[in-house]
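Here is a short briefing to read alongside your model. Have the fold open on screen, and we will go through the sheets, the helix packing and the ligand site.

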Amino acid sequence: MEKIQARCCVVGGGPAGMMLAFLLARAGVGVVLLEKHADFLRDFRGDTVHPSTLELMHELGLLGDFLQRPHQQLERLAVQIGDTRVWVADFRRLPTHAKFIVFMPQWNFLNFLAERATAYPEFQLRMQTEAVGLIEEDGAVKGVRAKTPNGELTVHCDLVVGSDGRQPSLSWRRHTHRKDYCKGHLNGKTSEAPLPKPSEVLCSIPLTENSWSQLKSGLYLSSLAQRLA
Ligand SMILES: Cc1cc2nc3c(=O)[nH]c(=O)nc-3n(C[C@H](O)[C@H](O)[C@H](O)COP(=O)(O)OP(=O)(O)OC[C@H]3O[C@@H](n4cnc5c(N)ncnc54)[C@H](O)[C@@H]3O)c2cc1C
């Protein structure tokens with residue numbers, strides 16, 4: 001059995017987990033990202049990257065390199081009804097650096113972020129590693145148990161984040177409920193935010209009034225990285 005230690009363990013290498021792990025590593029926080037599949041090329045999971053996401057990429061200094069990857073850009077959107085074409089959106093008017101939607105398969109987006117994250121020594125990506133349980137001591141989560149092709153892996157850490165997405169393998173956290181994970185994981189501070197899917201959030205971050213809207217826009221991830229740094 002392999003044992004590793006990290007400040008944070010993120011379960012699930014989708015866009016949420018990958019971006020969070022990137023941000024944590026970038027902020028100097030040791031992070032292990034567990035992804036149960038061998039690659040990101042397994043499933044159609046979307047191919048549009050929206051201007052708001054591209055703006056975040058710009059803020060992170062990634063936009064230029066990202067746009068070097070093969071993609072298509074869409075500046076305007078029309079609906080054709082018979083012979084009539086109606087323009088329904090014009091992204092050129094947006095106050096963002098990228099005034100278009102990018103079409104790029106999600107696996108290319110994830111590969112790009114993974115490559116960038118790997119540049120940070122604090123980042124560790126473990127593919128083919130599926131979280132199967134939590135390590136708990138005195139009622140607090142202290143890490144994750146995972147299975148790999150080479151046997152069991154245990155990750156001992158201060159913070160566990162579940163970002164296992166739309167089709168989570170619930171077994172690794174089926175005995176859990178939100179309150180368990182909203183206390184004691186970040187300097188003992190607790191959160192009572194109205195999270196829509198509480199069982200999917202395992203970290204304890206004190207939320208402010210507008211945190212939920214920040215979370216939606218992705219900025220919350222940056223603040224998490226700053227708090228852990
Ligand atoms: C058909 C379709 C089209 C879409 N099109 C678009 C689009 O064009 N643009 C857009 O922005 N969004 C699109 N979306 C939405 C987008 O795919 C999701 O919002 C996004 O994938 C959610 O990211 P996530 O990281 O939360 O979860 P996911 O992408 O589901 O990632 C979760 C990851 O966790 C891993 N995992 C699960 N359980 C475990 C475990 N126990 N241990 C380790 N790893 C685990 C999974 O393998 C997966 O890689 C589309 C969705 C669908 C279904």
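Two strands are said to pair if DSSP finds at least two bridges between them. Helices (H or I, at least four residues) and strands (E, at least two) are DSSP runs, numbered from the N terminus. With that in hand, strand β10 (residues 140-148) and strand β11 (residues 151-162) pair in the antiparallel sense over 6 bridges.

A word on the source: this is a predicted model, in which local features need pLDDT of at least 70 and side-chain atom pairs count only at pLDDT 80 or more, while totals for chains, interfaces and linings use all residues. Residue numbers start from 1 along each chain as its sequence is written.

**The six-stranded sheet**

- An open sheet is formed by 6 strands in the order β8-β2-β1-β11-β10-β9, with mixed pairing.
- The edges are taken by β8 (123-126) and β9 (130-137), each with a single partner strand, so one side of each has no neighbour in the sheet.
- On average, neighbouring strands of this sheet are turned by 40° against each other, direction ignored; angles run from 0 to 180 degrees between N-to-C directions, and axes are lines fitted to C-alpha atoms, for helices over the stretch in contact.
- β10 and β11 make a hairpin with 2 residues between them.
- Within this pair, R145 stands opposite T154 in β11, and K147 has E152 as its bridge partner.
- β1 and β11 run parallel and are joined by 9 bridges; A6 stands opposite C157, and V10 faces V161 in the same way, standing opposite it in β11.
- β1 also runs parallel to β2, with 4 bridges joining them, and here C8 stands opposite V31.

**The three-stranded sheet**

- A further open sheet has 3 strands in the order β3-β7-β4, and its pairing is antiparallel.
- Its edge strands are β3 (48-49) and β4 (72-74), each of which pairs on one side only.
- β4 pairs with strand β7 (residues 101-103) in the antiparallel sense over 3 bridges, and Q72 stands opposite F103 in β7.

**Helix packing**

- Two packed helices are described by the angle between their axes and the distance between the axes.
- Helix α1 (residues 15-26) and helix α4 (residues 106-118) pack at an angle of about 15°, and their axes are 9 Å apart.
- That makes α1 roughly parallel to α4 (angles under 35 degrees count as roughly parallel, over 145 as roughly antiparallel, 65 to 115 as roughly perpendicular and the rest as oblique).
- From α1, the contact is made by P15, M18, M19, A21, F22 and A25, and from α4 by Q106, F109, L110, L113, A114, R116 and A117; residues are in contact if their C-beta atoms, placed from the backbone, lie within 7 Å.
- This contact has 11 nonpolar, 1 polar and 1 charged residues (Ala, Val, Leu, Ile, Met, Phe, Trp, Tyr, Cys and Pro count as nonpolar, Asp, Glu, Lys and Arg as charged, and the others, Gly among them, as polar).

**The ligand shell**

- The ligand is surrounded by 25 residues, and the closest are G12, G14, A16, G46 and G165; a residue is near a molecule if its C-beta atom, placed from the backbone, lies within 6 Å of it.
- α1 supplies the largest share of this shell, 3 residues, and α1 and β9 each give at least two.
- By class, the shell around the ligand has 8 nonpolar, 10 polar and 7 charged residues.

Key. Contact = placed C-beta atoms within 7 Å.
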